[in-house]
Amino acid sequence: MTLRSLFLAASLVVTTGTALAHGDEHAHTPLHGGVVTEVKDMDYELVAKPGVVQLYLRDHGKPTDVAKASARLTLLAGTDKQDVELQPSGDRLEATGSFKTAAGTKAVVVVRIDGKPASTARFTLR
């Protein structure tokens, strides 16, 4: 094998390994059965059920402390609009009540964490 071939083979191994590692770090899979979206390297997972709405936050795969956080969620189902305040509840932001959570419902959430600028995440429920 020539030196050039050896160098190319080594480059391919390093590049492939780096790409695979990066992909795992930024995997946006739901951990709680909800819908996930990413905004500025933060994963937002919305779990919406008829009686409860939960929002989980992860920063680079690690849970975010939501003790000093709040969120305003807007659910849009056809011509119906519902605004909901989410409050800290353990490791998530949560609200209980009666919610329209049919497939296709649009959700927009504005999250505020401890005085930092607000972030907006958008979802389509499945």
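Predicted model: local features only at pLDDT ≥ 70, side-chain atom pairs only at ≥ 80, totals over all residues.
What share of the contacts in the protein chain between residues at least 6 apart in sequence join residues at least 24 apart? The figure is 44%, where a contact means heavy atoms within 4.5 Å. Residues are numbered from 1 along each chain as its sequence is written, and side-chain values use heavy atoms, with hydrogens and water left out.

Let me start with the overall picture. The secondary structure comes to 1 helix and 9 strands, and along the sequence the pattern reads α-β-β-β-β-β-β-β-β-β; helices (H or I, at least four residues) and strands (E, at least two) are DSSP runs, numbered from the N terminus. Of the 126 residues in the protein chain, 33% count as buried, a term that stands for under 20% relative accessible area, with exposed meaning over 50% and partly exposed in between (1.4 Å probe, protein chains only). The chain exposes about 8,000 Å², of which carbon and sulfur atoms supply 57%, and accessible areas come from the Shrake-Rupley method with a 1.4 Å probe, counting for residues only the protein chains shown as cover.

Valine 36 has glutamate 45 in β2 as its bridge partner. There are 2 residues between the strands of this hairpin, and lysine 40 takes a positive phi near 50° there. Lysine 40 sits in the loop between β1 (35-39) and β2 (42-49), and is exposed, with a relative accessible area of 74%.

Histidine 60, which is not a glycine, has a phi near 55°, and its place is in the loop between β3 and β4 (62-63), where histidine 60 is partly exposed at a relative accessible area of 39%. Aspartate 59 belongs to strand β3 (residues 52-59) and is partly exposed, with a relative accessible area of 35%. Not counting residues up to four places away in sequence, aspartate 59 touches Asp41, Met42 and Thr64, and from C-alpha to C-alpha aspartate 59 lies 9.0 Å from tyrosine 44, the two being 15 residues apart in sequence.

Is serine 119 buried or exposed? Serine 119 is buried, because its relative accessible area is 18%. Its side chain makes a polar contact of 3.5 Å with the side chain of tyrosine 44; such a contact is a pair of N or O atoms within 3.5 Å, and within protein one must be able to donate a hydrogen and the other to accept it, while residues adjacent in sequence count only if both atoms are side-chain atoms. Beyond its neighbours within four places in sequence, serine 119 is in contact with Tyr44, Val109, Val110 and Val111.

I will finish with aspartate 91, in the loop between β6 (80-89) and β7 (92-96). This residue is partly exposed at a relative accessible area of 41%, and its side chain is joined to that of arginine 92 by a polar contact of 3.1 Å. Setting aside neighbours within four places in sequence, aspartate 91 is in contact with Tyr56 and Val66.

Key:
Pairing = 2+ DSSP bridges.
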